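Please walk me through this protein model in plain terms. I would like to know how its parts are packed and which side chains pair with one another.

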Amino acid sequence: MSMKSSRLLAVALCMAAAAQMAPLPAAAQRPRAPVTVNFVNADIDAVARAFAAMIDRQIVVDPRVKGQITVYSEQPQSVQEAYQSFQSALRGLGFAVIESGGLLKVVPEADAKLQTGTVSVGEVGVRGDQVITQIFRLRYENPNNLVAVLRPLISANNTINSNPGSSSLVITDYADNLQRIGRIIAALDQPTATDLEVVPLEHAVASDLAPLVQRLAETGSTVTAPGAAAGAGGTTVVADARSNSLIIRAPNAARLAAVRAAIAKLDRPASGLGPSGGLWVVHLKNADAVKLATVLRAAFGTAGGSGGTTTPTGVSGGTTPAAPSNPAAPGATGATTSGASAQSTSPVTPSGQPTTGGFIQADPATNSLIITAPEPLYRQVRAMIEQLDSRRAQVYIESLIVEVAGDNAAEFGFQWQGLLGKDGDSTGLFAGTNFSNSGGNILSITTAAASGDASGISVGEGLNIGLLKRYGGTYALGALANLLQSQTKTNIVSTPNLITLDNEEAKIVVGENVPFITGQYTNTGTSTTSPFQTIERKDVGITLRIRPQIGESGTVRMTIYQEQSSVLTTATVGTSNAGPSTTKRSIESQVVVEDGQIIVLGGLVQDSYVEEKSKVPLLGDIPGLGALFRSESRTKKRTNLMVFLRPVVMRDADSTARLSLDRYDQIRARQEGSQPTPNSILRIDEAPVLPPLPNPTPQPAQPAKPPLVQPVAPAPNDVTPATPY
């Protein structure tokens, strides 16, 4: 039998078998009589038409799908099984069946992922070798972690994508393979830790036991697999001081049982308690031991404990002794034996002394509290310590002091002297003008020149035009004209910055330490004179004192004192030096500002105009000609002074490090931009530069708060980097 005859016979047999079966509905498959198919090297298009008649669905064959296919069965089988065999044979030839718009299409496998219209969520409801798109929603696992695991299990022509936003995977592949992948995802999408377990303690204190249990759990933990998230699968133990309980989260039930067993062995009554209770040492993490001991004694001094507990002897007593006086404390008066100032030799904070008395004592050397009390009272005290011994936030304060001033001055003056008469006349006529507000006085200059005193010859700034005349063999100024116009502009920006703890005062002083005479005395004896002066040194410059207080809503309340002073000149009183004169501008205020926002504290806007005029009466008022009989000057001065402030709250170590590194990079960029130009004669070609930070830790991306003064970009010249320390 020829090839064509065998194909026609197979089609006829298939059609006959299909004619004996009831049509297959689209929504559900009904039981049908078994069929036996035998397509050997038949055209794909013809076989597709035969199976379309069997399943009562239209099958469209893509024009690019060409070739022969072999589908046969030796035993009778259901229509569904025969159709799955047809799909498997197409997959072996590089083709796939997809469903789109109610039609079944036979397309190349590479295009199946683009044309399939079957999308399902959750369980895979389709079976066989049909290409569909399935969406798997994850509950615990990160979808990006599963992509690397599932990618090798998906055929090369199909795709897998992750959406971290909705924690889901979108996979396009054959339906049978998606069922296997669904089971794999269900096995991998498991919680990394057990549910929270709360273990109440009967005898031990949760704050004391939590670090020990955490160390024990970490010692027995398994090694984290490479590529896993940091801390994944670890055991976490947190103390709840309010209920005296431990909150545990373990990676599995076995680890949780081990931790619970360790807690049960450690939660035992304390041994060796005396008549007045036990003795405990509590090492503080953040608070000051001396200050906290005073607060706790005041809180428990009158209560005597709650719940029927008895206060031990000395609970209500006990005071903190005053710190020994330090004669070299900042601001103290009196002479010192060394040449160093009191501010440089005195400690920043005087060392505290151990407190005595009461049931709570402080040891400043180790910053610890020593508690002598019954166990119930100790638990109450320890619960309060846990609430008070917390990390305090810090505030970084940027201030900006801007002063913009401009001076305009103009001067014009004309002076002249004249003598009318001849030699030998018994009388003569002398006339002239002289002024002092327009440079040098004409009479003073003439007198100094006649006497040969060169130091007395002084004319004003600007343009000076003089007329010399000879009187009896001596030259003298007959006329002097002075013209001057000056302009001065000042632009000063000062940015004192400082950081301090919440509710702690900070101070920064940038300036000079100027001596001021406070008294003097001269002892005149018969042969010697012993002068004696007392001098007090004061800071002159920029002073900023701030005490910030952080609110829960993100606001910062600040008590501020800002002062800006400068040395003007040296004044004299009689024959003794009275010391320098200073200018002072200060602001003292209390403000509330949002975290990271800029606020203007205040300032000064001063506009002054001064006009000086000296003239000869009547003659100086003559239009035009009156300029020969007067001298005048005009001065206009405008000053703008503003003070701005911006606090930045740093609540944790990451924000502190982020801000510090930003300022470090800013000053380093300024140093690199200020490198000297290489010179073959001047061999110094490098200026100091801060070393680069080694392997900076990447910080999470977040909007940065720019500084009040933007950093200057490095100059585009040759810069030689400094060698790291």
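## A walk through the model

The buried residues of helix α6 are covered by elements that include β7 (131–137), α5 (143–150) and β9 (168–174). Helices (H or I, at least four residues) and strands (E, at least two) are DSSP runs, numbered from the N terminus. The model is a predicted one, in which local features need pLDDT of at least 70 and side-chain atom pairs count only at pLDDT 80 or more, while totals for chains, interfaces and linings use all residues. Residues are numbered from 1 along each chain as its sequence is written, and side-chain values use heavy atoms, with hydrogens and water left out.

Helix α6 itself covers residues 175–188, which is 14 residues. From its first C-alpha to its last it reaches 20 Å, close to the 20 Å expected at 1.5 Å a residue; the expected span is 1.5 Å times one less than the number of residues. Its buried residues are A175, N177, L178, Q179, I181, G182 and I185. Here buried means under 20% relative accessible area, exposed means over 50%, and partly exposed lies in between (1.4 Å probe, protein chains only).

How confident is the predictor, and where is the pLDDT below 50? The pLDDT is the predictor's confidence in each residue, from 0 to 100. The protein chain averages 75, and 73% of the residues score at least 70. Over residues 303–339 the pLDDT is below 50, and this stretch has 48 contacts in the model beyond near neighbours in sequence. Residues 711–725 also have a pLDDT below 50, with 16 contacts counted in that way. A contact means heavy atoms within 4.5 Å. Where pLDDT is low, the predicted coordinates should not be read in detail.

Next comes the interior. A nonpolar core is a set of buried Ala, Val, Leu, Ile, Met, Phe, Trp, Tyr and Cys residues joined through side-chain atoms within 4.5 Å. The largest such core has 27 residues, and F51, I59 and F86 have the most contacts inside it. Two or more residues each come from β1 (38–43), α2 (44–55), β2 (59–61), β3 (68–72), α3 (79–92), β4 (95–100) and β5 (103–108). Helix α2 gives the most, with 8 residues. Apart from this core lies another, of 22 residues, including I397, L498, V556 and V593.

Leaving aside residues up to four places away in sequence, F86 touches V47, A48, F51, I69 and V71. Both F51 and F86 are buried.

Aromatic rings can also be looked at in pairs. Rings of Phe, Tyr and Trp (its six-membered ring) pair if their centres lie within 6.5 Å; planes under 30 degrees apart count as stacked, over 60 as edge-to-face and the rest as tilted. By this rule there are 5 aromatic pairs. The rings of F51 and F86 are stacked because their centres are 4.7 Å apart and their planes lie at 15°. This pair links distant parts of the chain, with F51 in helix α2 and F86 in helix α3, 35 residues apart. The rings of F300 and F359 have their centres 6.5 Å apart and their planes at 80°, so this pair is edge-to-face. F300 lies in helix α9 (residues 289–301) and F359 in the loop between α10 (342–345) and β14 (360–363), so the pair ties together parts that are 59 residues apart in sequence. F300 counts as buried at 7% relative accessibility, and F359 is buried at 2%. Ring pairs also link F39, F51, Y83 and F86 into a cluster.

The last topic is charge. Side chains of opposite charge can pair when their charged atoms come close. A salt bridge is a side-chain nitrogen of Lys or Arg within 4 Å of a carboxyl oxygen of Asp or Glu. The whole structure has 19 salt bridges.

One of them joins R382 and E386, at 3.2 Å from N to O. Both residues lie in helix α11 (residues 375–388), 4 residues apart, about one turn of the helix. R382 is buried at 6% relative accessibility, whereas E386 is partly exposed at 27%.

Another salt bridge joins E398 and R646, at 2.5 Å from N to O. This pair links distant parts of the chain, with E398 in strand β16 (residues 394–420) and R646 in strand β26 (residues 630–650), 248 residues apart. Both E398 and R646 are buried.
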